[in-house]
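The sequence and model are shown first.

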Amino acid sequence: MATKAAILIDAENQTDVDLEELMELLGDRYQVEEKHAYADWRDCRLANLARTLKRHGFKMHKAPSGYRPGVLKNTADGYMARSAARICSRRRDLEAVVLVTGDAFFCGLVRNLKHQGIRVVVAAESRRASKKLLRAADEYLPLGGWVQTLRDLDDLERNNKYVTFSFATQELGLPGHKLAHLIERDYLNQGLVLRPRRGSRPEIWLNRDSEVVRRLVQAS
């Protein structure tokens, strides 16, 4: 049975969030009951995202940040944290909260939600994700093209006898830091593999014990 969840998006922190990618990462494990997004929507950088969020049925919460956008810091963050508490108080049936943000500001909220027995999932683009926040969460979902990258690596593995780090970057046109991040997050393994007549070779391979990897690969 799917876990009932609420999605809360810190739009000013994740300005280019791909909602299709997010929903695919959540898969059928989470039944989304509440959709909320927070920002000072006067910021012209958010115009395209705002239209997309409305089209997907998100409730848009206004968090003015002064006489012009950005003058006051963390107003949307504070509003989102307080709103999360109200939503969970009103919806006692919610079992999980998906926070689309990488801001360490939300560590306190994460701890409070977990104390209430609510599972906390953080979804964020890796370059804008606080390590402190990721450690506090129950689960981290990396945004920013990771779905296709994992599937491309799956195809590469299936069509080659072995895959090295340099071979993957060349074949897929990926920067090394992107593969390194997958290794850091345990979505990708790296180590020496003994090959007959070739000796030990440094190779990489998908961590198919990872729930995220397993789900995305099976769905492709």
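## Lys4 and Asp93

In this predicted model, Lys4 and Asp93 form a salt bridge whose closest N and O atoms are 3.5 Å apart. The pair joins distant parts of the chain: Lys4 belongs to strand S1 (residues 3-10), while Asp93 sits in the loop between helix H3 (75-90) and strand S4 (96-100), 89 residues apart. Lys4 counts as partly exposed because its relative accessibility is 28%. Asp93, with a relative accessible area of 31%, is also partly exposed.

## Asp16 and Arg128

A salt bridge also connects Asp16 to Arg128, with 2.8 Å between the closest N and O atoms. These residues are 112 residues apart and link distant parts of the chain: Asp16 lies in the loop between S1 and helix H1 (19-26), and Arg128 in the loop between strand S5 (119-125) and helix H5 (131-136). Asp16 is exposed at 53% relative accessibility, whereas Arg128 is partly exposed at 31%.

## Glu34 and Arg91

Glu34 pairs with Arg91 in a salt bridge, the closest N and O atoms being 3.1 Å apart. Glu34 is in strand S2 (residues 30-39) and Arg91 in the loop between H3 and S4, 57 residues apart. Both residues are buried.

## Network and total

Salt bridges link Lys4, Glu33, Glu34, Arg90, Arg91 and Asp93 in a network. The whole structure has 17 salt bridges.

## Helix H6

Helix H6 covers residues 146-158, and its 13 residues should span 18 Å at 1.5 Å a residue; the end C-alpha atoms are 18 Å apart, which agrees. Among the buried residues of H6 are Trp146, Leu150, Leu153 and Asp154.

How values were computed:
Residues numbered from 1 in each chain as written. Predicted model: local features only at pLDDT ≥ 70, side-chain atom pairs only at ≥ 80, totals over all residues. Heavy atoms only, no water. Helix = DSSP H or I, 4+ residues; strand = E, 2+ residues; numbered from the N terminus. Expected span 1.5 Å × (residues − 1). Buried < 20%, exposed > 50% of the residue type's maximum accessible area, 1.4 Å probe, protein only. Salt bridge = Lys/Arg side-chain N within 4 Å of Asp/Glu carboxyl O.
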